[in-house]
Amino acid sequence: MPTPQDREAARRAQRPVKVALGILVCIVVVLVAAGAVAAYRVYELGNHRFVDQAGPFFAVTEDVSVEMLNEETSVRGYVITGDPSTLQPYRQGRKYSSIELALLAKDESFSPAVPSHLAAIRSEVAGLQSYFAREIALVKSGPAGRRLAQQRILAGKSLFDRFRKTSEALIADAAAVIQKSHREQRSTLVMWWIVLGVAGFVAAAIAAGLYKRVPKRLYELFREERMARRDAQQSADAARALAHVREAVVLLDPNGDARYWNPTAATQFGLAPGDRTSPTLTRVMGEFHHDGDNPGARPVTVEGRELWLTAVETDFEEGRVVVFRNVSDDVRLERLRSEFVATAAHELRTPLAAVYGAVRTLRQQERAIAADVRDQFLLMIEDESERLRLVMDQLLVSAQIDSADLHLHRQQVDAVAMCESLVGSADARKPTGIELAVERPAGPVSLYADPDRLRQVLANLIDNAIKYSPGGGRVEVRVHANGRYGEITVEDEGLGIPAHEQQRIFEKFYRLDPSMTKGVGGSGLGLYISRELVRQMGGTLSVESRYGSGSTFTVSLPLA
Amino acid sequence: MHRVSVRLKAEYISPMAVGSALFAGDDRGTNRPGEPARPRRLSLVGDEPEAAQSRELTVLLVEDDPAMRLLCTYNLEAGGFRVLAASGGREGVELAESEKPDIALLDVMLPDLGGFEVAQRLRAVPIVFLSARASDADLERGRAAGAIDYVTKPFDPVSLPERLREDLEELRKGGGAHRVWTMRFGSV
């Protein structure tokens, strides 16, 4: 069913064609009319030809007979009267008739009967002329001659009658020729007009047929062409879409040869134009077909890198489409996440185990526990509870950062006072061998920050500095202004961080080698949280470190 | 009694200011070289040890967390064990070589050598892991490392001596580590 849009499109497609066909019909009509006019003109010209040929012949023949009549009358008058003046017409007629006879001789070939009639009339004219000449000679010879001449008039009459008959036959010849020519011309004209009429009719019929039929066909062609163009556009769009898809898409024919693949597949499986497959693709397909029932992600080594891929296959009549999705990042994140869950559980369990263990020990009724030992257990419970609180706080802040749910209350903060207070409290519980110091700037340094969050960040940095200085050493906190920013650096002389780890330590859940750092504990969130907090306060947290000789962390925040 | 309590006090360092704090070594040698191994009571508790009926067993405790180390030491000694406490893997291996403990209680995550690595080096010493990592995979790793038992935190430290004694009892029946493990966790 054609939709209204289709019909409208068809109308639009037909309009110029109708105009073109209308013009064509007009041209045919004009041509046919011109042909008719031309045929008529040719007929007219033919008429002129007959006027020029048969017409004059006709007239000249009549003239000859008139001249001969004049001569005859004039000679007869002379015979009767003997008056020489009556011979005037004779002389004139003799002169003209010879001229006219000569004229007739020119055009004797237009009708087959003419030459014999012409020969006859010539001899008859010659006979009449000699008769006239003798009669005139007899009249001039005297009265006897005149009488003889008068007796011979009847003979002249019969001569003249013969001439008249012949000339009439000749005139009839010309008239017949003229009539025949006229008929022929007329029939030729009619034939022309019939031919032109038929041609015009056929042309008009063809034009009308085209007018009716062609637009339909043309519309179909238009539609086919438009559909082909739409198909081409669609496949171009599809290719463009597939080019920007991060999944590797491969179209396989029933033989398993690759027919089409997108750029991701080309790079991932090393497929070059013209290839039917590649070693990597074969291997990957085999990997997924090996246990086809399990649609989960599979590790596949591609160009020396381990990728986790999932494959989705869709069969259709001409083969199948396989979409490989690289889920390496998801797998990595999932690993990190489950690692984090395990680590977080571990970090919660450790202090919980201490609290629980201490309580269980203290509740051992049958033993007498020395007062100072009991105090140690109580102190342990207090400390480990605090440690639990800190871990939970970190988890909470991390979750808030992730859900962008962290609300900062920025205000003017005295950086020097804050550092001194933090170092003071750390000093009270530092292990032996650690020396803590604050280097004060000349003037006050006021930062624009959330004081609670900044305190959290700095406490974390100072704790880290102490934790990662297992052999003791100096931990120095410096405060100074640097342009529009205030900088707080925490420098230790501890273990330091290997160069390749220096950026990763800020990643979420990232920990230096767990068995190495377990001794100092941590959820893998401290530096991640610190950097995020500083970033959200409009500052930066950076690290400089030499492995084995300590680290320097720098918090840079806008001055108030 | 007084001596022990002072030692314990020295050993417990607040985890809020965690540092080196490697105090565990100073009181480990209760048996002098050449001296016959004799039951010695280190416990600061009770006149009558719970496990008086058996000879004093030596346990190597490798635990980096001071609080946990204190708890275990206290309860194991109260349970009649002689405790060799170490805060790191290397130190633990050294202690085991010189003192030949009857059983080793190892934290899995340690600052220097990991618990599994320590277990590998302690040949012929029955291993019990002590860890806050408690997934099936963690337990399986412990089993694969040859442990006879795997104690997950949090646990009741008061019953710890009893548990170690049971483990050793089961081990004595023959069948190796596998038998004890099966007793604790069922067949794999």
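Me: Two residues are in contact here if their C-beta atoms, placed from the backbone, lie within 7 Å. On that basis, which residues of α9(A) meet α10(A)?

Reply: This is a predicted model. In α9(A) they are Ala344(A), Glu347(A), Leu348(A), Pro351(A), Leu352(A), Ala354(A), Val355(A), Ala358(A), Val359(A), Thr361(A) and Leu362(A). They meet residues of α10(A) including Phe377(A), Met380(A), Ile381(A), Leu388(A) and Val391(A).

Me: How do the residues of that contact divide by class?

Reply: The contact of α9(A) with α10(A) has 15 nonpolar residues, two polar and four charged. Glu347(A) is on the α9(A) side, and Arg374(A), Glu384(A) and Arg387(A) are on the α10(A) side.

Me: And the geometry? At what angle do α9(A) and α10(A) pack?

Reply: About 160 degrees, with the axes 9 Å apart. Angles over 145 degrees count as roughly antiparallel, and α9(A) and α10(A) are therefore roughly antiparallel to each other. Their crossing is left-handed. For reference, α9 covers residues 328-362 of chain A and α10 covers residues 371-402.

Me: Which residues of chain B does α9(A) meet in α2(B)?

Reply: Ala67(B), Met68(B), Leu71(B), Tyr74(B) and Asn75(B). On the α9(A) side the residues are Ala353(A), Ala354(A), Gly357(A), Ala358(A) and Thr361(A). Ala354(A), Ala358(A) and Thr361(A) are also listed in the contact with α10(A).

Me: Is α9(A) roughly parallel or roughly antiparallel to α2(B)?

Reply: The two helices pack at an angle of about 30 degrees, with their axes 9 Å apart. That makes α9(A) roughly parallel to α2(B). This crossing is left-handed. By class, the contact of α9(A) with α2(B) has seven nonpolar residues, three polar and no charged.

Me: What scores does the predictor give the complex?

Reply: An ipTM of 0.74 and a pTM of 0.53. For chain B the mean pLDDT is 75, and 70% of its residues reach 70 or more.

Me: Where in chain B does pLDDT stay under 50?

Reply: One such stretch is residues 1-11, for which the model has 20 contacts beyond four places in sequence. Over residues 14-53 of chain B the pLDDT is also below 50, and the model gives that stretch 77 contacts beyond near neighbours in sequence. Where pLDDT is low, the predicted coordinates should not be read in detail.

Me: Staying with chain B, in what order do the five strands of its open sheet run?

Reply: The order is β2-β1-β3-β4-β5, with parallel pairing. β2 (81-86) and β5 (149-152) stand at the edges with a single partner strand each, so one side of each is left without a neighbour in the sheet. The twist from one strand to the next averages 20 degrees.

Me: How many bridges pair β1(B) with β2(B)?

Reply: Six, in the parallel sense, with β1 spanning residues 57-62 of chain B. Thr58(B) stands opposite Arg82(B) in β2(B).

Me: Back to α2(B): which strands does that helix lie across?

Reply: Helix α2 (residues 66-78) lies across β1, β2 and β3 of chain B and runs at about 165 degrees to β2(B). Helix α3 (residues 89-99) lies across β1, β2 and β3 of chain B as well, running at about 165 degrees to β1(B).

Me: How do β10(A) and β12(A) run, parallel or antiparallel?

Reply: Antiparallel, joined by seven bridges. The bridge partner of Val490(A) in β12(A) is Phe553(A).

Me: Last one: at roughly what angle do α10(A) and α14(A) cross?

Reply: Roughly 45 degrees, and their axes come within 10 Å. That makes α10(A) oblique to α14(A). The crossing is left-handed. Gln394(A), Val397(A), Ser398(A) and Ile401(A) in α10(A) meet Gly526(A), Tyr528(A), Ile529(A) and Glu532(A) in α14(A). This contact has four nonpolar, three polar and one charged residues.

Methods. Residues are numbered from 1 along each chain as its sequence is written. Chains are lettered from A and ligands numbered from 1 in the order in which they are written. This is a predicted model: local features need pLDDT of at least 70, side-chain atom pairs count only at pLDDT 80 or more; totals for chains, interfaces and linings use all residues. Two strands pair if DSSP finds at least two bridges between them. Helices (H or I, at least four residues) and strands (E, at least two) are DSSP runs, numbered from the N terminus. Axes are lines fitted to C-alpha atoms, for helices over the stretch in contact, and angles run from 0 to 180 degrees between N-to-C directions. Angles under 35 degrees count as roughly parallel, over 145 as roughly antiparallel, 65 to 115 as roughly perpendicular and the rest as oblique. A crossing is left-handed if the near helix is turned anticlockwise from the far one by less than a right angle, and right-handed if clockwise. Ala, Val, Leu, Ile, Met, Phe, Trp, Tyr, Cys and Pro count as nonpolar, Asp, Glu, Lys and Arg as charged, and the others, Gly among them, as polar. pLDDT is the predictor's confidence in each residue, from 0 to 100.
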